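Welcome, and thank you for taking a look at this one with me. Please keep the model open as you read the points below.

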Amino acid sequence: MKQLLTHFCVGETMQKSSQMRHLLTSLFLVMVLSIVNVPSFAAAASATEIITEVSAVNIPFSDVEGFTPHYINKGDVEVGDAEKYEALATWFDLTDEVFAYGSELIAGHAYQLRVCFYAKEGYSFAGDCSATINGKTAVADWHDSSEYDYQLTFTATAHNCLGNASICDEGLNAYYTCAKCGKHYEDAECTKEIEPSILEQYKKTIFYPSITVTVPVAGEVANNEATVGNSSLYSCEGHWAIYSNGDLAVTGTFEENTTYYYRYRLTPKNSEHLISDYAYINGIECKKLSGGSFVAEFIAVVDPSTPTAIESVNAEKGSKVVKTIENGRVVIIRDGKKFDILGREL
């Protein structure tokens, strides 16, 4: 029995000793392999290429109102080096603090075109990575080694309607509407805008009607008749009066060196039509008065049978009124001052 116990113990001891040797051997191998593999791990880490600059190109872009920006999915943005990174694009309205893609730009609003770049496997971004968007230097907003967010900030400007406006022949007056912004204009040059609230009124309004009267000439009988610019749209009733006496109608002859005015009222022949607040008489623009009439002033002049050139005019007498020709136009000299044929001082 004692021998058996001795054999068992010896055997057990030998078994434990063998296990210990295996354990020590394994630990030694692990240590050796760890030491051997350190360079390989370092080599794997150094294999990641650093990206120092990125670019996004050909993103549909405009800073003019009416342009509609769109969201571009990740990977669909054209980039400078597609093997190293990809990108997505989005828009933000800084003024209203909302995403702006899918809505037209509004003049005066501040916007950002934001482009997010993503490094592909085996690449990472440098901390000072630079970027351009459509050729313009972009500003970084946020980044880590795998993602970089850049942006272009700008303010939308009003577009030029000229070239985009088409004529509309509706109603009484033709007008022009811009296909981009929908603004309405009286003219093809898009300089006289029609507010949407008065567009229907504009269509019915007789704009800038005109009449022609005989300029008062000293010694001639006052002629109240007028020629209407468009007799199919409106009629005119008017009379001459002495300027200094308010509305004293002239029934006889015009007197020399006297200022007269012609007062006239225009009446639309269609009850639905309206007369503009401005009209013309002999080319003079007249604003509608509170009573609805228009007034233009004239000076009665002597009308010599043969006009005299300005070089031969003797204007020593202040009270004398002389009608002459200067540079191809009629000039009236009265009290040492020059007036045109319509009585306006030159």
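1. Let us begin with a term: a residue is called buried under 20% relative accessible area, exposed over 50%, and partly exposed in between, with a 1.4 Å probe and protein chains only. By that scale Glu86, which has a relative accessible area of 25%, is partly exposed. The model is a predicted one, in which local features need pLDDT of at least 70 and side-chain atom pairs count only at pLDDT 80 or more, while totals for chains, interfaces and linings use all residues. Residues are numbered from 1 along each chain as its sequence is written, and side-chain values use heavy atoms, with hydrogens and water left out.

2. Now the overall picture. The protein has two helices and 27 strands; these are DSSP runs numbered from the N terminus, helices being H or I with at least four residues and strands E with at least two. Of its 346 residues, 32% are buried. Taking contacts (heavy atoms within 4.5 Å) with a separation of 6 or more, 53% are between residues 24 or more positions apart.

3. Which strands make up the open sheet of five? Their order is E4-E3-E5-E9-E8, with antiparallel pairing. Strands count as paired if DSSP finds at least two bridges between them. E4 and E8 (139-143) are the edge strands, each pairing on one side only. Further in, E5 and E9 run antiparallel and are joined by nine bridges; Arg114 has Gln151 in E9 as its bridge partner.

4. The whole structure has 22 aromatic pairs, where rings of Phe, Tyr and Trp (its six-membered ring) pair if their centres lie within 6.5 Å, and planes under 30 degrees apart count as stacked, over 60 as edge-to-face and the rest as tilted. One of them is Phe117 with Tyr150, an edge-to-face pair at 5.8 Å centre to centre with 80° between the planes. Phe117 is in E5 (residues 110-119) and Tyr150 in E9 (residues 147-155), so this pair ties together parts 33 residues apart in sequence. Tyr150 also pairs with Tyr148: their centres are 4.9 Å apart and their planes at 20°, so this pair is stacked. Are these two tyrosines buried or exposed? Tyr148 is buried at a relative accessible area of 2%, and Tyr150 is buried at 1%.

5. E17 (residues 234-242) and E19 (residues 259-268) run antiparallel with nine bridges between them, and Ser235 stands opposite Thr267 in E19. E19 also pairs with E23 (residues 294-299) in the antiparallel sense, over six bridges; there, Tyr262 has Ala296 as its bridge partner. Ring pairs link a cluster that includes Trp240, Tyr262 and Phe298.

6. Next, the charged pairs. There are five salt bridges, each a side-chain nitrogen of Lys or Arg within 4 Å of a carboxyl oxygen of Asp or Glu. Lys84 and Glu49 form one of them, at 3.0 Å from N to O. Lys84 is in the loop between E2 (78-79) and E3 (85-93) and Glu49 is in E1 (residues 49-57), so the pair ties together parts 35 residues apart in sequence. Glu86 meets Lys74 in another salt bridge, at 3.9 Å from N to O. This pair links E3, where Glu86 lies, with the loop between E1 and E2, where Lys74 lies, twelve residues apart.

7. The helix H2 (residues 199-204) has its own example, with Glu200 and Lys203 three residues apart, about one turn of the helix. Their closest N and O atoms are 3.2 Å apart in a salt bridge. Glu200 is partly exposed at a relative accessible area of 49%, whereas Lys203 is buried at 12%.

8. Finally, please check Lys287, which lies in E22 (residues 284-287). Its C-alpha atom is separated by 5.9 Å from that of Asp277, ten residues away along the chain. Leaving aside neighbours within four places in sequence, Lys287 is in contact with Asp277, Tyr278, Ser293 and Phe294.
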